[in-house]
Amino acid sequence: MPGEAKEKVCIIGSGNWGSAIAKIIGRNAAKQPDVDSEVRMWVFEEIVQGQRLTEIINTTHENVKYLPNIKLPENVVAVPDLLQSVEGATLLVFVIPHQFVKGVCEQLRGKIHPRARAISLIKGLDVTKAGVHLISELIRENLDVDVSVLMGANIANEVAMEQFCEATVGCRDKSNGEAFRKVLNTPYFRIAIIEDVAGVELCGALKNIVAIGAGMVDGLKFGENTKAAIIRIGLMEMRKFTKMHFEGVKDETFFESCGVADVITTCFGGRNRRVAEARVRTGKSFEVLEKEMLNGQKLQGTLTAKEVHQILAANGLVDE
């Protein structure tokens, strides 16, 4: 509509997946007349090869640590100050490890644009004595904004290389889901929208546990039949856990990219499967392998498995 303020996007996080998403959003923002062309990306400042990572990104337009050899659009600006990065932003894209969400939200509370909406690309859960809490709920309650989620069969490096894939946006407000699809959808990154935040988000978190199992199958040198069984059982248990803890979860969500497709992809590729395989073959702990293999990235599946086990044990449901 004429006279309406432009949307402005901020990406909160700049790891492997955050940088791949920044490439997509930067290109789309540059082409959309109703979206500000500058896309700010919050970067947790690090020194890489003797330089600040933000300076490297802003001069070479490449995240040399987390997404090397992929050029980012020049309109993507790395910002080391969190509050400066979100200034004026109406679309907030959260893509940080889930254990850092509370701290980031505490810094942002009361400091974001009054028209802001958020989307979480974060795969994980917030577990308290009260039970399981979605990361999107944590963001919504802390910032008082509507929060959608994006999950799918999306290995970051493949997305960055523009290999075709799909993703699922789960939303409560369809217009907000459409606003995020506008800045995320491309011919090689196809977005579907479903009004099921809990189902989409829990698929994204729980599939990492299944991937740990798949990696152990590989480490033990079992075959494809065994892995297929782990995938099927894992998907059924994901569905059972999700429906047990959240009302209104849709069966069809598990057939979207966030469901069965993401489970398959993660069980054949991705960091959780790789590290679990190495755990079996080397005998090293997950903590040691995370440091050795992931270049500063976090292993999500082990933490989520621990959290889910706590929930099941507290409710006497481990044998279920």
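This is a predicted model: local features need pLDDT of at least 70, side-chain atom pairs count only at pLDDT 80 or more; totals for chains, interfaces and linings use all residues.
Helix α4 spans residues 101–108. Within α4, the buried positions are Val 101, Val 104, Cys 105 and Leu 108. When the helix is viewed down its axis, these buried residues fall within an arc of 100°, so they line one face of α4. The packing partners of this buried set comprise the strands β1 (9–12), β2 (39–42) and β6 (91–94), together with the helices α3 (82–86) and α5 (135–143). After α4 comes Gly 110, which has a positive phi, near 80°.

The volume of the largest pocket is about 1,200 Å³. Its lining consists of 43 residues, and those closest to the pocket centre are Gly 15, Asn 16, Trp 17, Arg 271 and Gln 297. Two or more lining residues are contributed by each of α1 (16–31), α6 (156–160), α8 (197–219), α10 (257–268) and α11 (271–282). By class, this lining holds 17 nonpolar, 18 polar and 8 charged residues.

The second largest pocket has a volume of about 580 Å³. A total of 20 residues line the second largest pocket, with Ile 209, Glu 237, Met 238, Val 308 and Leu 312 nearest its centre. At least two lining residues come from each of α8, α9 (224–245) and α13 (300–314). Helix α9 provides the largest share of this lining, namely 8 residues. The lining of the second largest pocket divides into 13 nonpolar, 3 polar and 4 charged residues.

How values were computed: Residues are numbered from 1 along each chain as its sequence is written. Side-chain values use heavy atoms; hydrogens and water are left out. Buried means under 20% relative accessible area, exposed over 50%, partly exposed in between (1.4 Å probe, protein chains only). Helices (H or I, at least four residues) and strands (E, at least two) are DSSP runs, numbered from the N terminus. The arc is that of the directions from the helix axis to the C-beta atoms. Contact means heavy atoms within 4.5 Å. On a 1 Å grid over the protein atoms alone, a cavity is a set of points where a 1.4 Å probe fits but cannot get out, and a pocket is an open set with protein on both sides within 12 Å along at least five of seven lines; lining residues have an atom within 4 Å of a point. Grid points are joined across faces, edges and corners, and a volume is the space filled by probe spheres set on the points. Ala, Val, Leu, Ile, Met, Phe, Trp, Tyr, Cys and Pro count as nonpolar, Asp, Glu, Lys and Arg as charged, and the others, Gly among them, as polar.
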